[in-house]
Amino acid sequence: MKTNPFVPCRAFWLGLLLLACGSLPLHSAQFGLFTYQVIGNTVTITACAQGASGLVEIPAMIEGKPVTRIGDRAFQTREGVTSVTIPPGVTRIGSDAFNSCYRLATVSFPSSVTDIGKGAFGYTGLRSVNLPPGLTRIDDDMFTSCTLLESITIPSSVTSIGDNAFQACYLLSTISIPSSVTRIGKYAFWECSSLSRVNLLPGLTTIDEAAFIGLLGLTNLTIPSTVTRIGDSAFAGCSSLRTVSFPSSNPSIGSFVFSGCGFGTFNIPPGLTNIGQGMFLSCIELTNITIPTSVTHIGDHAFDYCSKLSRVIIPASVTSLGGPGEFQPAFSGCPAMTNVVFLGNAPSTVRTEFERSAAGFSIHFLGSRTGFTSPIWRGHPATRIDEATYPAAAWLLTHGLWYDTGLGTDPDGDGVDLLAAYALNLDPTLPQRPQMPAPVLTDATLSLDFRATTPGITYRAETSTDLTGWTTAGVARSAPGPNGRSTASIPRDIASRFLRLTFQLSP
């Protein structure tokens, strides 16, 4: 079979031709201050003259073709430029495009811009920025070290704020994050020391590591219910932060999230299972902490150096405390700490757990719990609480009251004493009258549904026709159901009939 001797040669020259075409550089040209490249039917600005100063207006057309891009580092370190007008039609501003233009104070964006690269305006003199309405993300380092930036408007098209995006914007005082943003990146607002107001809206799901670290002016914060993850040290060092409204969605919370914050009181949200490593480390204003019954673990250094924390009640759900090592306690260096109360069995705890507490520090535990010893437990004075003498001890302690508080008292003065609240399992930290059982009146009966299984309480439902003489005769009362509730009822068979519920501590 014969072969064509010219075919290999033709293929060889074709390969050389393709190789030569592929290696040809893009053509660069000059137009006034600007170096540019024509790519297809569009123009990209690739550089600006070093001597450019004052107002710089980028042309909309060059060689009859639209300018659509400003290339990476095109204006970088052009220190004389104070203002830039970007023409309509530009869709992308490249990475570091205006980085280190220290005197650049204003930029006019057209609505056509949808993409701005990393570090594009870092280290500039921008004071106020209105980002274009089609921008989809604020990239990493976009405004880092804009030390004169006072305000910025983020459009609802933005879905993420990148790492270090606003780091060291010292004069930025308010930031509103639109509901379109789902992620705030690492160190996004680090060192924004004047930032006192942060508005986070539902839609946000991730607050990354150290996103708001060191905001010295931030005083209060609401975390939306859509947030599922809060990264390590997210709000660490916010020394003026006094209140945080937490979602009930129980987000994943990293280590050292609120270390060094200025809380006086903190209510950990119900549903949280883990108080992570160093979560409240060095919160020197913290005097009161409520740990919900969902928490099973308190991490090492979680409350170390909380110098004003005086008492902690640890719920029965907590099974481990601190870290596994000798020097990984959860409550070390709390000099005002006078006592810690355990409502459950003894968790795993190292001997140095409560070192450097107040003089006279002691541990209290319920007598029915296991794993404790008295008068000393793990090197600390320990007191056993006799639940026969104090049947309401666990309930009182759970609600932040001391175990021997008199049940006949009414601490909040709302007319409902602690005995009634204990018997009916009300929350004494909230207004109690709205929690009281309400009577139900029908054509045939008057009835009352109530909690009837509190330990140590005797319940009595009585009726009267004149509010003077009371009797249980004629009162029908159901046995407590699986939920511990009972119903007492009387018939509406005469003009006047009254129903009341009494309770007393069992002898």
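**Cores, sheets and salt bridges in a predicted model**

Strand β35 (residues 457-464) is mostly covered, with six of its eight residues buried. Buried means under 20% relative accessible area, exposed means over 50%, and partly exposed lies in between (1.4 Å probe, protein chains only). Strands are DSSP runs of E with at least two residues, numbered from the N terminus. The model is predicted: local features need pLDDT of at least 70, side-chain atom pairs count only at pLDDT 80 or more, and totals for chains, interfaces and linings use all residues. Residues are numbered from 1 along each chain as its sequence is written, and side-chain values use heavy atoms, with hydrogens and water left out.

Strand β35 pairs with strand β38 (residues 498-505). The two are antiparallel and share eight bridges. Two strands count as paired if DSSP finds at least two bridges between them. Arg 460 has Thr 502 in β38 as its bridge partner.

Two open sheets were also found. Ser 447 has Ser 489 in β37 as its bridge partner. In a regular strand the side chains alternate between the two faces of the sheet.

The other open sheet has five strands, ordered β27-β29-β30-β32-β31, and its pairing is mixed. The edge strands β27 (311-314) and β31 (376-377) each pair on one side only. Strands β30 (residues 362-366) and β32 (residues 380-385) run parallel and are joined by four bridges. Here Ile 363 stands opposite Ala 382 in β32.

The largest nonpolar core has 110 residues. Such a core is a set of buried Ala, Val, Leu, Ile, Met, Phe, Trp, Tyr and Cys residues joined through side-chain atoms within 4.5 Å. Phe 166, Phe 189 and Phe 280 have the most contacts inside the largest core. Strand β3 (residues 42-48) gives the most to this core, with three residues. Contact means heavy atoms within 4.5 Å. Leaving aside neighbours within four places in sequence, Phe 189 is in contact with several residues, including Ile 161, Phe 166, Leu 172, Phe 212 and Leu 215.

Ala 49 lies in the loop between β3 and β4 (54-57). With a relative accessible area of 28%, Ala 49 is partly exposed. Not counting residues up to four places away in sequence, Ala 49 touches Leu 33 and Arg 78. Pro 87 is 38 residues from Ala 49 along the chain, and their C-alpha atoms are separated by 18 Å.

The surface carries a nonpolar patch formed by Leu 148, Tyr 170 and Leu 171. Together these residues have about 240 Å² of accessible area, computed by the Shrake-Rupley method with a 1.4 Å probe, where only the protein chains shown count as cover for residues. Patches are made of residues with over 30% relative accessible area and no salt bridge; like charges are joined within 9 Å, and nonpolar side chains (Val, Leu, Ile, Met, Phe, Trp, Tyr) within 5 Å. Leu 148 sits in the loop between β12 (137-138) and β13 (151-153). Leu 148 counts as partly exposed, at 31% relative accessibility.

Side chains of opposite charge can pair when their charged atoms come close. A salt bridge is a side-chain nitrogen of Lys or Arg within 4 Å of a carboxyl oxygen of Asp or Glu. The count by this rule is 14 salt bridges. One of them joins Arg 183 and Asp 163 (2.8 Å, N to O). Arg 183 lies in strand β16 (residues 183-184) and Asp 163 in the loop between β14 (160-161) and β15 (174-177), so the pair ties together parts 20 residues apart in sequence. Arg 183 is partly exposed at 26% relative accessibility, whereas Asp 163 is buried at 19%.

Arg 183 also meets Asp 208 in a salt bridge (2.8 Å, N to O). Asp 208 lies in the loop between β18 (206-207) and β19 (220-222), so this pair ties together parts 25 residues apart in sequence. Asp 208 is buried at 8% relative accessibility. Elsewhere, Asp 72, Arg 92, Asp 115, Arg 137 and Asp 139 are linked in a network of salt bridges.
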